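Look at the model first, then read on.

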Amino acid sequence: MDWLCGQIAFIYAFNKVKPTVIVDKIVEAAVDILVPGRGAGESNWLMRNLRSLERDSDRISKELDIRADLRRWDEEFPYFHHELIVRYAAGILASAVTVMACDKIRGLLFPRRGR
């Protein structure tokens with residue numbers, strides 16, 4: 001019975017997930033990690049604004065580089081598209097969580113004796 005619930009959860013999550021939203025969040029997080037934040041030397045408003053412009057241009061450049069790499073990946077591996085990877089990951093996660101929940105519920109409803 002667990003395998004059936006897991007399969008249903010996988011199919012549902014695979015079809016319902018919106019990979020573009022997830023990819024956008026992953027790219028945003030990667031840019032946040034890769035582009036450094038504010039540093040020293042921002043004592044006056046001119047330096048703060050110049051640094052802000054520099055940081056924003058670095059962020060945009062890095063985001064465009066990441067998205068270009070994703071496009072290159074999709075062209076190089078057309079049967080392993082990055083959005084398909086996100087769908088499979090979401091389906092596997094949903095299946096694993098569902099199977100674990102079914103096991104817990106079964107354990108609560110039908111406790112094992114002799115342990």
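Alanine 101 is found in helix α4. The model is a predicted one. Is alanine 101 buried, partly exposed or exposed? Its relative accessibility is 35%, so alanine 101 counts as partly exposed. The cut-offs explain the label: buried means under 20% and exposed means over 50%, with partly exposed in between. Alanine 101 and glutamate 76 are 25 residues apart along the chain. Their C-alpha atoms are separated by 38 Å.

Alanine 90 also belongs to helix α4. Its C-alpha atom is separated by 9.7 Å from that of asparagine 15. Along the chain, alanine 90 and asparagine 15 are 75 residues apart. Which residues does alanine 90 contact, leaving aside its neighbours within four places in sequence? They are Ala13 and Val17. Alanine 90 is listed among the buried residues of α4.

| Helix | Residues in helix | First to last C-alpha | Expected at 1.5 Å a residue |
|---|---|---|---|
| α1 | 15 residues | 21 Å | 21 Å |

Helix α1 covers residues 2–16, and its reach is close to the expected value.

**The faces of α1**

Which residues of α1 are buried? They are Asp2, Gly6, Ala9, Ala13 and Phe14. Seen down the axis of α1, these buried residues fall within an arc of 125°, so they line one face of the helix. An α-helix has 3.6 residues a turn, so residues three or four places apart point the same way.

The face of α1 turned away from the buried side carries exposed residues. These are Ile8, Tyr12, Asn15 and Lys16.

**Where α1 meets α4**

The buried residues of α1 pack against α4, which runs over 82–109. One of those buried residues is Ala13, and Ala13 is in contact with alanine 90. Two packed helices are described by the angle between their axes and the distance between the axes. For α1 and α4 the angle is about 145°. Their axes lie 7 Å apart. The crossing of α1 past α4 is right-handed. By class, the contact of α1 with α4 has 12 nonpolar residues, five polar and four charged.

Key. Residues are numbered from 1 along each chain as its sequence is written. This is a predicted model: local features need pLDDT of at least 70, side-chain atom pairs count only at pLDDT 80 or more; totals for chains, interfaces and linings use all residues. Side-chain values use heavy atoms; hydrogens and water are left out. Helices (H or I, at least four residues) and strands (E, at least two) are DSSP runs, numbered from the N terminus. The expected span of a helix is 1.5 Å times one less than its number of residues. Buried means under 20% relative accessible area, exposed over 50%, partly exposed in between (1.4 Å probe, protein chains only). The arc is that of the directions from the helix axis to the C-beta atoms. Contact means heavy atoms within 4.5 Å. Axes are lines fitted to C-alpha atoms, for helices over the stretch in contact, and angles run from 0 to 180 degrees between N-to-C directions. A crossing is left-handed if the near helix is turned anticlockwise from the far one by less than a right angle, and right-handed if clockwise. Ala, Val, Leu, Ile, Met, Phe, Trp, Tyr, Cys and Pro count as nonpolar, Asp, Glu, Lys and Arg as charged, and the others, Gly among them, as polar.
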